[in-house]
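Thanks for coming, everyone. Let me put the structure up and walk through a few spots.

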Amino acid sequence: MNLAKTYASELRTEFAGYNGKRFVKDLMSGMTVAAVALPLAIAFGVGSGATAAAGLVTAIIGGMIIGALSGASFQISGPTGAMTAILVTLSAKYGMQGILIACFLAGFMLVIAGILKLGRMIYFIPSSVITGFTSGIAVIIALGQLDNFFHVTSSGDLAITKFFSYFTKGFNPDPYTAAIGIMVIIIMLIWPRKWNEKVPSSLASLIFVLVFNYFAKFDVAVVGEIPKTLFLQDRLTFETLKSVELWDFFIPALSIAALAMIESLLCGASAGKMKHEKLNGDVELMAQGVGNMVIPLFGGVPATAAIARTSVAIKAGCETRVTSIMHSVVLLLSMFILAPVMSAIPLSALSGVLIVTAWRMNDWENIHYIFSHKFKSGMAKFFITMGATVVLDLTQAIIIGVAFSAVLIVVRLTDIDVTISEIDQEKLEHIGINIPRISDKISVAYLTGTIFFAVVDKLITQLSELENTKVLILSMRGVPVIDLSGVQGMIELINILHEQGTEVMFTSVQPKVLIEMQRGVL
């Protein structure tokens, strides 16, 4: 109920003073986004192991439903390259019905995530883990396009196993098929950026290839017939849900839900800075959930917010979520009007689009920052997450990346710094510490770091080996936290030192640490 009230309140704010002038801006930006989304929807539909029509239906329904319910005014949702990394494997194992069932279940999981207010979960994943995850997905996408790009056949469940299967099955590419794919890559890479604002490079490359192949008449595999309907023949029905063992699709659905959550929240966080508007993560998860429960009923594949289309919408002057709806309307008209043209697109051309998309989806700026500044922990997290993404399940990759980050944090916390030095009594009296004058040595130990179970043994070993020290002063200004084991360790240390004839004093203890230590001796 709170989410519904929040959503209604945000709508009132978003559409306050809405008029014809703002609608025209939404219409024009929607048309611009549609030009970007059209070739990508077709490519992602085919690349996911489904069909071009499934990709178009996903973009249309996703743009309408998810866009209307979104947690921000700017989010544009549809099929994405990252999602194809999961779906192509799922399709090979369970077919199109497997994709539809997993999509529906993932939508349900996202709704639950929204209800549980997990919209801030993205902020608990380190940036280097997300960067490695994204790069791993890019590798999977690129490897997954080699069959269509070269018109060859691979085998295996994972992209990496498919790649290595070429060494055993043989690799005999069709030159005409590869030539078309290479043309698309070259055009997309050399296409001027200022032209890209008017005609996206992906759309321009497909138009060029269509015209070229119309005259060249290369005998290559093409998209094939695109039905002029939103209700595809291969769609999910409730009878299907009743007839299958849903538990078999739990892990794929969890992977889809996790990826949709990460992509959508990252997109919202990034695009929100561009439009100076904050995404409501919980509402967005609800929108993604509802959308992904409805899309398979039409025959579409899982959708998520897409940063490329969302950023285009903002740059094109997006005012409200009407932009997303208008982009869907334009795609719907294109589906009916341009179906014969789109059906003639060579599959290798779509593979070329996806290969370039995979390259561009890498967060090169952050990768350069991590490696140029030689952040060893960041580099380790990047490679481990990327490797796990390529060879394991995507959900497992995120868990491994986060777990490895947690281990690194614990390792760093164990590195407590202990600096010991001698001090004379006159200096102590000068700063207000008065003790009886003695001839023996007085030492001060400066502690820096967290005192918890993992550092207790090191602390006791280091401080109990002091020789000829009558008084040991523990300066704890640099200790922000102490846990139960830390308190018990300090008590043990005091007892050991007392037995050795050493008096222990504390100074500069942080208030929170002092409370814990006082609690431990009461």
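Lys 217 sits in the loop between helix 10 (201-216) and helix 11 (238-243). Helices here are DSSP runs of H or I with at least four residues, strands are runs of E with at least two, and both are numbered from the N terminus. This is a predicted model, where local features need pLDDT of at least 70, side-chain atom pairs count only at pLDDT 80 or more, and totals for chains, interfaces and linings use all residues. Residues are numbered from 1 along each chain as its sequence is written, and side-chain values use heavy atoms, with hydrogens and water left out.

Back to Lys 217. Its phi is near 55 degrees, a positive value in a residue other than glycine. Most residues other than glycine have a negative phi. Is Lys 217 buried or exposed? Lys 217 is exposed, because its relative accessible area is 62%. The cut-offs: buried is under 20% relative accessible area, exposed is over 50%, and partly exposed is in between, with a 1.4 Å probe and protein chains only.

Now His 276. Its phi is also near 55 degrees, again positive in a residue other than glycine. You'll find His 276 in the loop between helix 12 (250-275) and helix 13 (281-298). At 74% relative accessibility, His 276 counts as exposed.

Next, salt bridges. Side chains of opposite charge can pair when their charged atoms come close. How many salt bridges does the structure hold? Five. The criterion is a side-chain nitrogen of Lys or Arg within 4 Å of a carboxyl oxygen of Asp or Glu.

Take Glu 14 and Arg 321. They form a salt bridge, with the closest N and O atoms 2.7 Å apart. This pair links distant parts of the chain: Glu 14 is in helix 1 (residues 2-14), and Arg 321 is in the loop between helix 14 (307-315) and helix 15 (322-337), 307 residues apart. Both Glu 14 and Arg 321 are buried.

Then look at Arg 22 and Glu 319. Their salt bridge has its closest N and O atoms 2.8 Å apart. Arg 22 lies in helix 2 (residues 20-47) and Glu 319 in the loop between helix 14 and helix 15, so this pair ties together parts that are 297 residues apart in sequence. Arg 22 counts as buried, at 16% relative accessibility. Glu 319, at 22%, counts as partly exposed.

Glu 319 also forms a salt bridge with Lys 25, with the closest N and O atoms 3.7 Å apart. Lys 25 is in helix 2, so this pair ties the loop between helix 14 and helix 15 to a part 294 residues away in sequence. Lys 25 counts as partly exposed, at 39% relative accessibility. Put together, Arg 22, Lys 25 and Glu 319 are linked in a network of salt bridges.

On to helix 19. It covers residues 376-391, and at 1.5 Å a residue its 16 residues should span 22 Å. The expected span is 1.5 Å times one less than the number of residues. The end C-alpha atoms are 23 Å apart, which agrees. Buried residues in helix 19 include Met 379, Phe 382, Met 386 and Val 390.

Another helix: Gly 132 is found in helix 5 (residues 127-144). Gly 132 is buried, with a relative accessible area of 0%. Its C-alpha atom is separated by 16 Å from that of Ala 406, 274 residues apart along the chain.

Last, the sheet. Strands of a sheet pair through backbone hydrogen bonds, either parallel or antiparallel. In what order do the four strands of the open sheet come? The order is 3-4-5-6, and the pairing is mixed. Two strands pair if DSSP finds at least two bridges between them. Strand 3 (417-422) and strand 6 (503-507) are the edge strands, each pairing on one side only. Strand 3 and strand 4 (residues 441-448) run antiparallel, joined by six bridges.
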